[in-house]
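The sequence and structure are shown first.

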Amino acid sequence: IEQVLKMAKPLQLKLREWHHSLPSQLSMARFVPRRFNSNATLTLSYFTAEITLHRKIISSLFQNSKDTPKELTHVCRTAAKTRLIAAIEFVRDLKNEHINSFWYSNSTGNFMLIGTFAALLYVTSQTKEEATMYRDLLRNYIWILRVGSKSFDKLKIVLDNMHQLLAQVPGLLTDATPLVSDFIPPPLSSSSNAVKSGSMPNVTQQQMYNQYSNGSNPSHQGS
């Protein structure tokens, strides 16, 4: 994990410096009603790069939990949560002027990455409370996508693909299956045996962890 952080931290700092130094005409803050604004697709790409780095850090924490101090785990997971919430709020605040403007062809996969990142944080949660928080964040994101999909076709594709993937996890998308309150998240101290704990079938947990930590993403189909 130390090596991962050593490589990721400079990239994160450069990304944020780049984002904060964007000229005003490329900023999301530059908004004129009734004028198309394609700045959102650039900002989405920025969040995608940030989340990709955080996903690697979270995966490394999971794989090396025995040797990782609890304080470091807490700091890394808190930073990941902050980035996830910021990305969800970004999608929530998109306006018609953004939605109906230009989007990069990979935007569908980028929108889905936000949801699969929430799922990764869910399946690697250390407590029931943390798992519940990420479940609720993901459900809120899905609601935002559902509302937005009425006027934004890309979000409909994202919804369809996310449902196919995340429906495998009991209690994540619906309470018809075992509730998250009954789910004991895999303890990070168990590393490779973590997926064998809790009421969630261990095959599904392992598949979910592998899916999101490796970055496999079906959403690129039809993007």
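## A buried asparagine

Beyond its neighbours up to four places away in sequence, Asn110 touches Leu44, Ser45 and Thr48. The structure is a predicted model, and Asn110 belongs to helix H5. The relative accessible area of Asn110 is 8%. Asn110 therefore counts as buried, since this value is under 20%.

## A buried arginine

Helix H3 contains Arg77. Is Arg77 buried or exposed? Its relative accessible area is 4%, so Arg77 is buried.

Apart from neighbours within four places in sequence, the contacts of Arg77 are Ile58, Leu61, Leu121, Thr124, Ser125, Gln126, Glu130 and Tyr134.

## The nonpolar core

In soluble globular proteins, nonpolar side chains tend to be buried together. Here the largest nonpolar core comprises 51 residues. Leu84, Val91, Phe111, Ile114 and Met162 have the most contacts inside this core. At least two core residues come from each of helices H1 (2-20), H2 (39-63), H3 (70-92), H5 (107-123), H6 (128-148) and H7 (153-166). Helix H5 provides the largest share, 11 residues.

Ile114 illustrates the contacts in detail. With neighbours within four places in sequence left aside, Ile114 is in contact with Leu44, Ile51, Leu84, Ala87, Ile88, Val91 and Tyr141.

## Packing of helices H6 and H7

How do two packed helices come to be described? The angle between their axes and the distance between the axes are used. For H6 and H7 the angle is about 145° and the axes are 8 Å apart. Their crossing is left-handed.

On the H6 side, the contact is formed by Leu138, Tyr141, Ile142, Leu145, Arg146 and Gly148. Helix H7 contributes Leu155, Val158, Leu159, Met162 and Leu166. Sorted by class, the residues in this contact are nine nonpolar, one polar and one charged.

## Confidence of the model

The protein has a mean pLDDT of 83, with 78% of its residues at 70 or more.

Terms used. Residues numbered from 1 in each chain as written. Predicted model: local features only at pLDDT ≥ 70, side-chain atom pairs only at ≥ 80, totals over all residues. Heavy atoms only, no water. Core = buried A, V, L, I, M, F, W, Y, C linked by side-chain atoms within 4.5 Å. Buried < 20%, exposed > 50% of the residue type's maximum accessible area, 1.4 Å probe, protein only. Helix = DSSP H or I, 4+ residues; strand = E, 2+ residues; numbered from the N terminus. Contact = heavy atoms within 4.5 Å. Axes fitted to C-alpha atoms, helices over the stretch in contact; angles between N-to-C directions. Left-handed = near helix turned anticlockwise from the far one by under 90°. Nonpolar A, V, L, I, M, F, W, Y, C, P; charged D, E, K, R; others polar. pLDDT = per-residue confidence, 0-100.
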